[in-house]
Amino acid sequence: MTGNNSVQTSGSRLTEKTVTTSTAAPRRTILLLLTALSVLPVNIYLPALPNIAATFRADFALVNLSIAGYAIINAVTEIVAGAMSDRYGRRPVALIAVSIFIVASIGCALAPNIGIFLLFRVMQASIAAGFCVALVVIKETAGEGQAANRIGYAAMGWAIAPMLGPSFGGVLDEAFGWRAIFAAHALLGAAILAISMRELKETAGPASRPRGNYLASYRHLLSSPRFWAYTLCMACSTGTLYIFLGGASLAVGTLLGGSSAKLGLFMGMVPAGFILGSYLAARLTEKSLSLTLVIARLSTCMGLLLGLSLSISGVTHILAFFGPCMFIGIGNGLTFPAANLGVMSVRSNLAGTAAGLAAAMSIAGGALIASIAGLFLREAGAIPTLFAMLLTSASLALLAALSAAFIDGRTAPGAPHGEPAETRRGG
């Protein structure tokens, strides 16, 4: 019986490999654009919130619902879109998501009142589907080492877009009014839709698509210790980044004389570290996903421990803060490709479902961690406290990475690299 299962498993892998290698990999540019556009709408319009409230004569708290509502629908979209891409294919899900985003962006730009604006703003969250589709397409059109390289490249858009978004949105708001921000969204969406229709081919073979219901798919993933280990590592790594983004200005604002330009320049060291980490990921991930993850989280912890030591010692130079924090970016740049490949390989026919579910859980978990940390970050100049919070979250990510390494260490004899025994048995 075991022999027959092995033969069937080998046959299915051979079929899957044939489908993958016969499908031409899309250009890196389209995957970069899809991931960047999936996060750009999150905060690009924040500088324009007061003007939006003034235009609609609406309470600022009501306009702020566009942030919370978008975040909720964004998470739901990640979960649903990933599963739908497994059932109906990657290409149609991506094209439909971008099309809805274009319509929603036009609706926001032309909205006559706050109710219509909020409705279309929530609809913009459909673009979150582009994130998980891009990841799965990379996995299905590249070998493990090359996939890590491509995911790292695509992740640059995911990391850089939110950093540059508010500045870009502020310029558009000041020059042309807040509606220009959403007009720009529509134009970007139309350009990416045109490129996707030409470049994005279907990568999911009909034979590999899941047969059961959606709940069964989620149950398979949530019952996997490997899925939990990689996802919790991503969630705590995301939480570390969110704590930094929320607390850096409060902690070091006085050291920069209140200059937002200088603050933005120094905060750019973290995405620069992310780019470096993404570059290194391709070389390390070829050897082991879990080993890469452990190295990533150790590097972040060591950097933050150095920062904590310097702050406790009374060193107040600005680079004594941002230098160690750069390891947040390096660690996350290494973590992102390895952890996503890890969750997508739990069950090969549920790669999209896994990518979407893990992304939603990572964002929600990261936001929860940052909210808890925010309770302790209330005083300006509290750099040691900030480093303590960062190190706590990074240490939890390291613990999850070590758990992933332990689980992967139980790989069945003869199983492919990185596939644990539970997956090989079909569990």
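Axes are lines fitted to C-alpha atoms, for helices over the stretch in contact, and angles run from 0 to 180 degrees between N-to-C directions. The views below show a predicted model, in which local features need pLDDT of at least 70, side-chain atom pairs count only at pLDDT 80 or more, and totals for chains, interfaces and linings use all residues. Residues are numbered from 1 along each chain as its sequence is written, and side-chain values use heavy atoms, with hydrogens and water left out.

View 1. Of the 427 residues in the chain, 54% count as buried (under 20% relative accessible area; exposed is over 50%, partly exposed in between; 1.4 Å probe, protein chains only). Among contacts (heavy atoms within 4.5 Å) with a separation of 6 or more, 86% join residues 24 or more positions apart.

**View 2. Helix α2 crosses helix α10.** The axes of α2 (residues 28–39) and α10 come within 10 Å of each other, crossing at roughly 145°. This crossing of α2 and α10 is left-handed (the near helix is turned anticlockwise from the far one by less than a right angle). On the α2 side, the contact is made by I30, L33, L34 and L37. Helix α10 brings L188, G189, I192, I195 and S196 to meet them.

**View 3. Helix α3 and its buried residues.** Follow residues 49–56 and you will find L49, I52, A53 and F56 buried. These four lie on the same side of α3, because they cover an arc of only 100° around the axis (taken from the directions from the helix axis to the C-beta atoms). An α-helix has 3.6 residues a turn, so residues three or four places apart point the same way. The partners that the buried residues of α3 pack against are α4 (60–63), α5 (65–88), α7 (114–123) and α10 (179–199).

**View 4. R57 in the loop between α3 and α4.** Just after α3, the chain reaches R57. Although R57 is not a glycine, its phi is positive, at about 50°. R57 counts as exposed because its relative accessibility is 80%.

**View 5. The largest nonpolar core has 89 residues.** Such a core is a set of buried Ala, Val, Leu, Ile, Met, Phe, Trp, Tyr and Cys residues joined through side-chain atoms within 4.5 Å. The residues touching the most other members are I52, F117, F182 and M344. Domain 1 (26–199) and domain 2 (223–409) both contribute residues, so this core lies between them; the domain bounds come from an automatic or database assignment. Not counting residues up to four places away in sequence, F182 touches Y45, I52, S105, C108, A109, F117 and Q124. A second, separate core has 29 residues, including A370, I383, F387 and M389.

**View 6. T231 in helix α12.** Here is a residue within the run 225–252 that forms α12. T231 counts as buried because its relative accessibility is 1%. Setting aside neighbours within four places in sequence, T231 is in contact with V343, A358, M361 and S362.

**View 7. I363 in helix α17.** Look for I363 within residues 351–374, the extent of α17. With a relative accessibility of 33%, I363 counts as partly exposed. I363 and A235 are 128 residues apart in sequence, yet their C-alpha atoms are 6.5 Å apart in space. Apart from neighbours within four places in sequence, I363 is in contact with N74 and Y242.

**View 8. I96 in helix α6 and N149 in helix α9.** Helix α6 spans residues 90–110 and holds I96, which counts as exposed at 52% relative accessibility. From I96 to G130 there are 34 residues in sequence and 9.9 Å in space, C-alpha to C-alpha. Helix α9 (residues 144–176) is where you will find N149. At 22% relative accessibility, N149 counts as partly exposed. The C-alpha atoms of N149 and I138 are separated by 9.6 Å, and the two residues are 11 apart along the chain.

Technical notes
Helix = DSSP H or I, 4+ residues; strand = E, 2+ residues; numbered from the N terminus.
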